[in-house]
Amino acid sequence: MVRLSKSSFWSWPSVLRRNGIMGINSRNINLIFPLNPRSHYAVVDNKALTKKLCESQLIPAPETYALIQHFGDIKKSIDLLFSLPGFVIKPTRGAGGRGVLAIANRKGDEFQNAKGELFPLEQIKYHISTILSGLYSLSGHPDQAMIEKLIKPHPAFNELTVAGTPDIRIVLYKTTPIMGMLRLPTKASRGRANLHQGAVGVGIDLETGITRGGVWRDRSFDIHPDTGAYIQGVVIPNWNNVLKTAMQLSRAIGLQYVGVDVLLDAEDGPLVLEANARPGLSIQIANRCGIRTRLNEINIKQGLSRLS
Amino acid sequence: MFNRNRTAILAAVILTAAFLLCVWLRMKYTWKPVWAHGTRGWRLTYDISFSFTKGDKIQIAIPDSTPQNRLWRETFSHEGILLDLLRNKRTKGRGASAVSMPGHERGRFFAQFDIHLRPDHQSKLPASEEKMSANDRAYYLRNEKYIQTTGPELSNILKQLSNQKITKTELLNHIFDYCAENIAKGQKDTFSDATNTLEHIVGSTLGRARAMAALCRASKIPARLVAGFILENNQQAKVHYWVEVFAQKNWQAYDPENGYSVQLPITFLPVSRDSIDIVRGIKALGYQSRFSISQMLPPPSLASSQERRLWNIFDLTRLPPSMQEIVSLILLLPLAALITTIFRNIIGIQTIGTFTPGLIALSFIHADWHTGAIVFVIVLCVGILARIILNKLQLLMVARLSIILTLAVLCMVLAVAVLDYLSLTPSASAVVLPIVILTMMIERFNIIAEEDGLPNALKIFALTIFVAASCFLVMKVDWFGRTALIFPEVHLLNIAILILIGRYSGYRLSEIWRFRDVTQTPLN
């Protein structure tokens, strides 16, 4: 493991402040409460609604094959599943990648995921019914199951992928991107791209779309913890379209401070995965830069007062 | 423009001012001593030391509030024993039950009861009618070792007393007159049982009381003995005995020694009914007891509570001691919430659940915390294991939670039973853990372990326990509970502080550590 920093154990609050670092309290009080009205959360918290919004605004997102709302619909969807080469089943209100089942292949009557594990039809049906009954929604409320197209991960990230699919998180303030980060799943995160679960975040230069240093478990990191590959200097393909897609969604969604997760498909390019009304703050460590600095640049441009 | 921060500060200032105003009003109005005529306070002190033999269980009768005597404060301290407060089912009397702590051969019980006499309440005595069950009736008519309801002498006397056709009330008066006047007062060592007292027409205080009870019982009037104290300055107070007779649907007191009937002076403080011993051991034991009584001035707040004024509602010290205990415990909960808020929003410590630490701490306040901790750990371990096994079944959430709740209950009960079997927890009041909170804690622990990995879950769990322990240590300080009881308005101040914390947008303490690499690592 290579740790670049020879840092002391803490940074004084004054130093953090000078660098424009935003803390959780400040994010909640100065950004989320005033800028993200609660009434808009329904769309962000439900992937089916986010997807509907994308479709109506012509924002690219993975194609939805079916939305299963009732137990009676499960039977009807079987023919559809057999007609598809690959698909992903996910709960619309799941969090942290729980309940997501990706099928890449079919072997006779059985389905197969990317690792080669086999799933008989019965198991697929059972999985859908557990989603509907709310097993994966944190509140335990009944949920809906979404069947969508399986993403073909872009080859640009092959060297950095050990499990799961990397995605790109763009944080936007008043529809302007202020920070970006490539999120790489690790063994520790068990294939999920969430930073607090152990994924690596790699800061992206917004101008060029080239990655720089990263963050892992809140520490600055310059290599992938599983492979040891260098994570900086990777050119994100289609970068301008990634930004454009994120901006389109943030405009449509009505939240002024939002994180948009974008997937890069090898064929379809950037696709919106989901939006987040409370994007995390570790992105600052990945980019070695505070969010407040960026916010104030925009505030000054728009003639607004600076955020203290 | 509406400035939230300024408004929040203003609200906090207003709340603080309201708090100060409340304190000032309280000092001014409720603390002014306005003594009603004849108001007196007494302090009864128990000092009892025992030497144990194995398995001894001691019961000590203690006073309770009566319409005229209000118990407004009590303090207990003890050495070498584990204490429980109980209430007798039949007589409703209060008692302290003590067992020896393992490894202790001697024990000491020390208690102070501050009693406030309210003479004006005497006249307002509600003539509440009591019903006596056939069972109780038979019980209070029974033949006892020292209250013998049969015997030639007793029959003779009863025949004499009821030679004409008279009512029961008249008979009762005759019996009382006979015991008070005809039976001579003997020395301390004279007869103290009913038969001998009646036979020799001389008896001790106890003997005369027993004689009266025996005569009543033989005449089918339920009667019982009362042991208590007469409140007067006395460093060596002796236990006094009198009789209570169930007549006209009420227990009426008779004191043959001093000649009081139907109603005793308010200085008579009953302590133990139907049993003449203040200290009772289930097995024979040696003990020394000393009771002392001294006059004292009740606090001014009691003086004003003589009158029914509306603001007395805000004076929680008027509540009976047992309720005061509960109220002060409830009043501590916001303090725990404040501590948790500080830990979460200012220090930046994650906890499982918002109020979990406070509620766990609360449940430990009155329990023996060693036992509590053992049971806590057992319940958690079993719950988490069960949750892991249940996960394989993929049950729906409500059913799953209910199963964990059931297991937690079973586990807690079983743990208490096992600890009792191993004589590790001799006190029954040991543990009542907040089961629902525990269940949610187990559930959250498993979800975090599943989503963010076991190390993360263990970390958050340990932090939750740390915050709970901090809450416990603060809540354990008596001063906070007492202050909150006297000045419940202190919680206005609590709200003011919470408003300020709620608008605190600075860094959390954990963030100066979390974000240290942003400023210290150069970007290549």
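Author: Happy to; here is the contact between the chains, followed by a look inside each of them. First, this is a predicted model, in which local features need pLDDT of at least 70 and side-chain atom pairs count only at pLDDT 80 or more, while totals for chains, interfaces and linings use all residues. Residues are numbered from 1 along each chain as its sequence is written, chains are lettered from A and ligands numbered from 1 in the order in which they are written, and side-chain values use heavy atoms, with hydrogens and water left out.

Let's start at the meeting place. Chain A brings 50 residues to the contact and chain B brings 36 residues, where contact means heavy atoms within 4.5 Å. About 3,800 Å² is buried between chain A and chain B, and carbon and sulfur atoms give 51% of that area. Buried area here is the accessible area (1.4 Å probe) that two parts lose on being put together, summed over both.

Two salt bridges are counted between chain A and chain B; the term stands for a side-chain nitrogen of Lys or Arg within 4 Å of a carboxyl oxygen of Asp or Glu. In one salt bridge, D218(A) pairs with R514(B) at 3.3 Å, N to O. There are also 14 residue pairs in polar contact between chain A and chain B, both residues at pLDDT 80 or more. A polar contact is a pair of N or O atoms within 3.5 Å; within protein, one must be able to donate a hydrogen and the other to accept it, and residues adjacent in sequence count only if both atoms are side-chain atoms.

On the side of chain A that touches chain B, the elements giving two or more residues are α1 (13-18), α2 (24-35), α6 (121-132), β11 (211-216), β12 (219-221) and α8 (283-287). The largest share, five residues, comes from α2(A). Helices (H or I, at least four residues) and strands (E, at least two) are DSSP runs, numbered from the N terminus.

Now step back into chain A, which is divided into domain 1 (13-49 + 154-301) and domain 2 (63-149); domain bounds come from an automatic or database domain assignment. Their C-alpha centres lie 27 Å apart, and the contact takes nine residues from domain 1 of chain A and 12 residues from domain 2 of chain A. These two domains bury about 750 Å² between them, 45% of it on carbon and sulfur atoms. In domain 1 of chain A, K47(A), A48(A) and R192(A) lose the most area to domain 2 of chain A, together 53% of what that side buries. One salt bridge is counted between the two domains.

Chain B also has two assigned domains, domain 1 (134-265) and domain 2 (318-488), with C-alpha centres 54 Å apart. Its secondary structure comes to 18 helices and 15 strands. Of the 524 residues of chain B, 46% count as buried, meaning under 20% relative accessible area, with exposed over 50% and partly exposed in between (1.4 Å probe, protein chains only).

H240(B) counts as buried because its relative accessibility is 9%. Its side chain makes a polar contact with the side chain of D255(B) at 3.1 Å. Leaving aside neighbours within four places in sequence, H240(B) touches residues including T205(B), V226(B), I230(B), E257(B) and F268(B).
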